[in-house]
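Dear colleague,

Please find the structure below. My notes on it follow.

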Amino acid sequence: MKKIIASVFVFCLIVNTISSQILLKPAHVFDGNELHNDWVVLVEGNIITQVGLQSSIKIPKGAKEIVLKGMTLLPGIIEGHSHLLLHPYNETSWNDQVLKESPVERSIRGAVHAKKSLMAGITTMRDLGSEGAGYSDVYLKETIEKGIIPGPRLLVAGPAIVATGAYGPKGFHDGVTVPLGAEEASGEEAVKAVRRQLGKGADFIKIYADYRWRNGEASQPTFSQKEIIAMVEAAESAGRYVVAHASTPEGMRRATLSGVETIEHGDGGTLEIFKLMKDKNVALCPTLAAGDAVSQYRGWKKGSDPEPERIIQKKNSFKLALQSGVTIAYGGDVGVFTHGDNYKELELMVAYGMKPLAVLQAATAVNAAVFHLPTLGQIKKGFLADIIAVEGNPVKDISKLRTVNFVMKNGEIYKNIP
Ligand SMILES: [Zn+2]
């Protein structure tokens with residue numbers, strides 16, 4: 001009996017091994033850190049098992065060869081700031097999405113967005129809040145994990161937490177109850193909100209450290225430092241972390257000193273604040289593409305009109321961030337602009353002064369490190385097989401990421417256009 005079990009086991013193992021060994025042969029490999037020529041990559045099951053010059057690795061007999069002529073392999077892109085449950089504001093305003101689109105419609109849109117993202121080479125995505133759609137992001141993540149719909153690996157924030165009174169939709173009289181774009185809380189209630197959101201499936205907590213208190217106003221800080229520290233403590237004691245939306249120097253300062261791990265947007269950051277972030281090991285997720293998109297929705301004709309003040313200011317603050325040496329994560333706030341157009345942030349990072357190699361590192365190895373993903377973001381032995389390929393050499397020309405020819409997630413091929 002024992003013998004029979006043993007032989008069945010061996011048979012299964014062989015079948016499994018034969019069907020799941022793939023040798024990828026591109027022109028170049030960007031491994032998450034640097035570019036290598038003439039490397040090949042062996043994937044067995046869902047793991048990268050060998051990487052290097054073909055002469056230096058043992059290729060198992062029967063491995064399926066996929067030649068990616070003239071292409072560069074990269075680790076699957078890790079989008080650092082998305083909203084799968086939003087779609088571009090020039091299609092429907094944010095207010096109308098929150099107030100008029102049902103959670104069912106928003107979730108179905110989310111499923112469409114998830115597929116588009118994966119096909120654009122986004123194999124992992126950090127989603128920064130459902131914006132009024134409750135825990136639909138948690139459910140989308142579960143649906144992807146069950147294999148019902150294709151999509152990236154998701155890290156989700158759930159509803160996110162705003163200070164009482166600070167968030168929209170606004171503009172209604174006191175007798176009208178409207179669904180908010182995030183969960184309101186203050187003081188001790190904020191700690192409860194952290195725990196409630198973690199318990200319901202949030203992978204991390206997103207807070208708004210500043211926001212417009214009234215429509216049309218400039219942002220002001222929201223939570224006190226004491227409140228942010230309490231929320232960070234509650235999240236960290238549960239083995240999770242907090243990230244903060246912040247665009248004012250004071251909001252950024254409070255969030256940084258309170259122990260958040262990333263600051264989202266950071267538009268009004270000064271050299272001093274970015275240096276403080278560097279000292280405290282807080283990364284900046286600059287979301288350049290969101291401001292670019294919103295300015296165009298407001299009438300800016302990019303290329304012919306002069307740059308609006310918002311863009312000039314963002315370019316300046318991004319330069320200060322680069323000068324400070326703060327870690328730059330990659331995240332565009334996709335959802336504000338079209339899902340699948342994640343490349344726009346990559347191109348803007350280059351246009352605003354970052355080297356293409358550093359941008360590609362940010363979108364892969366750096367984001368993996370910042371988001372606590374130790375087996376993602378690199379093409380390296382033992383890492384999960386999330387791999388994409390583009391034509392030519394993206395280190396020389398970042399726009400190559402506009403068209404992704406090959407997508408593998410967890411060893412499974414979702415796209416292969418020769
Ligand atoms: Zn966002």
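On one side of helix α8, E272 and D279 are exposed, meaning that 12 or fewer other C-beta atoms lie within 10 Å of their own, with C-beta atoms placed from the backbone. Helices here are DSSP runs of H or I with at least four residues, strands are runs of E with at least two, and both are numbered from the N terminus. The model is a predicted one: local features need pLDDT of at least 70 and side-chain atom pairs count only at pLDDT 80 or more, while totals for chains, interfaces and linings use all residues. Residues are numbered from 1 along each chain as its sequence is written.

Within α8 (residues 271-279), I273, F274 and M277 are buried, which requires 20 or more other C-beta atoms within the 10 Å, values in between counting as partly exposed. These three lie on the same side of α8 because they cover an arc of only 100 degrees around the axis, the arc being that of the directions from the helix axis to the C-beta atoms. The cover over the buried residues of α8 includes α7 (249-258), β15 (262-265), β16 (283-285) and α10 (309-324). After α8 comes N281, which has a positive phi near 60 degrees.

Turning to the sheet, three strands form an open sheet in the order β6-β7-β8 with parallel pairing, where two strands pair if DSSP finds at least two bridges between them. β6 (77-82) and β8 (153-156) are at the edges with a single partner strand each, so one side of each has no neighbour in the sheet. From one strand to the next, the twist averages 15 degrees. β6 and β7 (residues 122-127) run parallel and are joined by four bridges; I77 has I122 in β7 as its bridge partner. Helix α4 (residues 136-145) lies across β7 and β8, at about 160 degrees to β8. Such angles run from 0 to 180 degrees between N-to-C directions, with axes fitted as lines to C-alpha atoms, for helices over the stretch in contact.

Finally, the domain assignment, which is automatic or from a database, gives domain 1 (2-75 + 378-415) and domain 2 (77-370). Their centres, taken over C-alpha atoms, are separated by 32 Å. In domain 1, 19 residues are in contact with 20 residues of domain 2, contact meaning C-beta atoms, placed from the backbone, within 7 Å. β5 (64-75), β18 (406-409) and β19 (412-416) each supply at least two residues of the side of domain 1 that touches domain 2.

Yours sincerely

Terms used
Two residues are in contact if their C-beta atoms, placed from the backbone, lie within 7 Å.
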